[in-house]
Amino acid sequence: MMIAQFNNLSDIEAVQMIDAIALITILIGGADDDLDPAEIAWSKKLTAYRAFTSPEILQDYYKEVGKDYPERLEALIKSLPDTAEKRTPVISERLAKLNDSFSKLDAEFANALHGSFVSFAHHVAKESGGILRFFSVGSEEKKLMDLPMLEI
């Protein structure tokens, strides 16, 4: 893995950090029990876009995530429960495990990454609801989009 900021993480912790974007997509996009193709497509575009437009400190992270994002996302979707009721606690628990990893990262990078995760969740939430899918967030997404399980 080519992310210098992950040097203090175990291989498992680094993979968990890489999987976070796909898990956030599934958590937020599937909060209404309907992870639709538009949400998946948007998360793929957003991940690719962020590899070049994020603050420089995060670009290597998003480049690494983007290397196999569609495959990781699909594998995670298949491995998780089919309903939001069962899936949400599983994903929330997995994301909460990142809290220990955040403490091992450089504070500037950890804060930037945490903020980026929350921003990503907000973008997915906005894509997933509303009239013509614009600028509306459903109640299920609203409860989760600030990623309350992540603490920094």
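This is a predicted model: local features need pLDDT of at least 70, side-chain atom pairs count only at pLDDT 80 or more; totals for chains, interfaces and linings use all residues.
**Overall fold**

The protein chain has eight helices and zero strands. Read along the sequence, the pattern is α-α-α-α-α-α-α-α. Of its 152 residues, 46% count as buried. The chain exposes about 7,900 Å². Carbon and sulfur atoms supply 55% of that area. Contacts between residues at least 6 apart in sequence were also sorted by separation. Of these, 75% join residues at least 24 apart.

**The nonpolar core**

The largest nonpolar core holds 44 residues. Phe6, Tyr61, Leu95 and Phe117 have the most contacts inside it. Seven helices each supply at least two residues to this core: H1 (11–29), H2 (37–53), H3 (56–67), H4 (69–79), H5 (84–96), H6 (98–104) and H7 (107–128). H1 gives the most, with eleven residues.

| Helix | Residues | First to last C-alpha | Expected at 1.5 Å a residue |
|---|---|---|---|
| H2 | 17 residues | 24 Å | 24 Å |

The reach of H2 is close to the expected value.

Take H2 in detail. Its buried residues are Glu39, Ile40, Ser43, Leu46, Thr47, Arg50 and Ala51. They cover an arc of only 140 degrees around the axis, so they sit on the same side of H2. The face turned away from that buried side carries the exposed residues Pro37, Lys45, Tyr49 and Phe52. The N-terminal end of H2 is capped by Asp36. A side-chain oxygen of Asp36 lies 2.9 Å from the backbone nitrogen of Ala38.

Now H5. Ala84, Arg87, Thr88, Ile91, Ser92 and Leu95 are its buried residues. Seen down the helix axis, they fall within an arc of 130 degrees, so they line one face of H5. One of these residues, Leu95, is also among those with the most contacts inside the largest nonpolar core. The face of H5 turned away from the buried side carries the exposed residues Glu85, Lys86 and Glu93.

**Lys45**

Lys45 is found in helix H2. Is Lys45 buried or exposed? Its relative accessible area is 56%. The cut-off for exposed is over 50%, so Lys45 counts as exposed. Lys45 belongs to the face of H2 turned away from the buried side. Gly66 is 21 residues from Lys45 along the chain. The C-alpha atoms of Lys45 and Gly66 are separated by 9.6 Å.

**Ser54**

Ser54 lies in the loop between H2 and H3. Is Ser54 buried or exposed? Its relative accessibility is 9%. Buried means under 20%, so Ser54 counts as buried. The side chain of Ser54 reaches the backbone oxygen of Arg50 at 2.8 Å. Arg50 is itself one of the buried residues of H2. Which residues does Ser54 contact, leaving aside its neighbours within four places in sequence? Ser54 is in contact with Gln59 and Tyr62.

How values were computed. Residues are numbered from 1 along each chain as its sequence is written. Side-chain values use heavy atoms; hydrogens and water are left out. A nonpolar core is a set of buried Ala, Val, Leu, Ile, Met, Phe, Trp, Tyr and Cys residues joined through side-chain atoms within 4.5 Å. Buried means under 20% relative accessible area, exposed over 50%, partly exposed in between (1.4 Å probe, protein chains only). Helices (H or I, at least four residues) and strands (E, at least two) are DSSP runs, numbered from the N terminus. The arc is that of the directions from the helix axis to the C-beta atoms. Contact means heavy atoms within 4.5 Å. Accessible areas come from the Shrake-Rupley method with a 1.4 Å probe; for residues, only the protein chains shown count as cover. The expected span of a helix is 1.5 Å times one less than its number of residues. A polar contact is a pair of N or O atoms within 3.5 Å; within protein, one must be able to donate a hydrogen and the other to accept it, and residues adjacent in sequence count only if both atoms are side-chain atoms.
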